[in-house]
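I opened this notebook to record what I looked up, chain by chain and contact by contact. The entries below begin with charged pairs and end with a loop residue.

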Amino acid sequence: MDEARIDERIDLSGVICPNNFVKTKLKLEEMKQGQILEAILDNGEPIRDVPRAGKEKGPPILKVEKIGNKWRLLIKKV
Amino acid sequence: MKLREDQIERYSRQILLPNVGGKGQEKLLNAKVLIIGAGGLGSPAGLYLASAGIGKIGIVDSDVVELNNLQRQILHATSDVGNAKVLSAKERLNNINPDVEVIAHRLRLTSENILDVIKDYDIILDGSDNFPTRYLVNDACVLSEKPLSHGGILKFDGQAITILPGKSACYRCLFPEPPPPGLVPSCQEAGILGAVAGLIGTIQANEVLKYILGIGDLLTGKLLIFNALDPSFRQVKVPKDPKCQLCGERPTVTELIDYEEFCHVRSSQTLSVD
């Protein structure tokens, strides 16, 4: 994954489920096809739920990594 | 248009839906819907449309709230008895959602005023309780090419159909003429279960939401029939009638008719012949 290619960032620290979903969805809607979104999520419920929703019916998640007590996701707009 | 934080929170459960999202929510917030009748059908429809964030909701009604309305007309409260229905409706909808601009049209629709009332709205939801208004609304919507959601209820039965003028069957394709006065009883005479009104009004709200969002199939070309006792839902296919007096190939109804007077004239003629 080319880290330099991140087009948009969204910090969802402290944002509970499903509002972190909603905000990710709204952010992706504004983006162009093929662009990459970096999302920061809290540990616990958010990191359990958001990637699962991504797998079921949503944009592909390119990368998931833990940074301290938070998670960093790279999501591609399709 | 950018959604505010409180709007993202308020509408989050529908923004999450596939094919709705922020863009769908913006469509709803920019939509203008006219509800005819703040009664058994208009009440649940109004509640769901306001909750969903329809930007502008017009409500037409000339009546005041009566105690016997409250069994099914869930927009109004006991303390509203004696007050204009459009005013209690406006207050209730604004309490639910201040995003919604509610326009109170306290009037009875006639051939003189209806085109002016409906002209600024995207879609019309007919929750009227009488045949003269129902035909007037159908004719006005077809003549001015406004989409229309029709609903009707009596006793334990309900029906609904959506009309896209010129594209799908109109109410006259189904029932070319109103029945003679007195033949079909009204809710006033025959009774109505409140929950039946709730179901049909909610189906109408659902049709309006799908139309605005451009998702799913509409109840066009098919009449949905509900019976509460069975309980059953049935769909009857209703093709557009090429001989329809209003939307057929050679229309004879080319202007609006105020049936009440027409019916009175006809019934007195029938009496004199007999």
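**Entry 1, salt bridges overall.** I searched the whole structure and found 12 salt bridges over all chains, a salt bridge being a side-chain nitrogen of Lys or Arg within 4 Å of a carboxyl oxygen of Asp or Glu. I note that this is a predicted model, in which local features need pLDDT of at least 70 and side-chain atom pairs count only at pLDDT 80 or more, whereas totals for chains, interfaces and linings use all residues. Side-chain values use heavy atoms, with hydrogens and water left out, residues are numbered from 1 along each chain as its sequence is written, and chains are lettered from A and ligands numbered from 1 in the order in which they are written.

I looked up Lys70(A) and found it in a salt bridge with Asp42(A), with 3.2 Å between the closest N and O atoms. The pair links distant parts of the chain, since Lys70(A) sits in strand 4 (residues 70–76) and Asp42(A) in strand 2 (residues 36–42), 28 residues apart; helices (H or I, at least four residues) and strands (E, at least two) are DSSP runs, numbered from the N terminus. Lys70(A) is partly exposed at a relative accessible area of 27%, while Asp42(A) is buried at 19%, where buried means under 20% relative accessible area, exposed over 50% and partly exposed in between (1.4 Å probe, protein chains only). I also noted a network of salt bridges that links Arg9(A), Glu38(A), Glu65(A) and Arg72(A).

I counted 2 helices and 4 strands in chain A, and read along the sequence they follow the pattern β-α-β-α-β-β. Of the 78 residues in chain A, 44% are buried.

I found the side chains of Arg4(B) and Asp6(B) joined by a salt bridge of 2.9 Å, N to O; Arg4(B) is partly exposed at 41% relative accessibility, and Asp6(B) is partly exposed at 39%. Glu207(B) forms a salt bridge with Lys210(B), the closest N and O atoms being 2.8 Å apart, and both residues lie in helix 10 (residues 194–213) of chain B, 3 residues apart, about one turn of the helix. Both Glu207(B) and Lys210(B) are buried.

How many residues does each chain bring to the contact? I recorded 15 residues from chain B and 9 residues from chain A, contact meaning heavy atoms within 4.5 Å. Between chain B and chain A I counted 2 salt bridges, and Glu5(B) forms a salt bridge with Lys23(A) at 2.6 Å between the closest N and O atoms. The elements that give two or more residues to the side of chain B that touches chain A are helix 1 (5–10), helix 2 (12–15) and helix 3 (21–30) of chain B.

I placed Asp129(B) in the loop between strand 4 (123–126) and helix 7 (131–143) of chain B, where Asp129(B) is exposed, with a relative accessible area of 59%. Asp129(B) and Pro178(B) are 49 residues apart in sequence and 13 Å apart in space, C-alpha to C-alpha.
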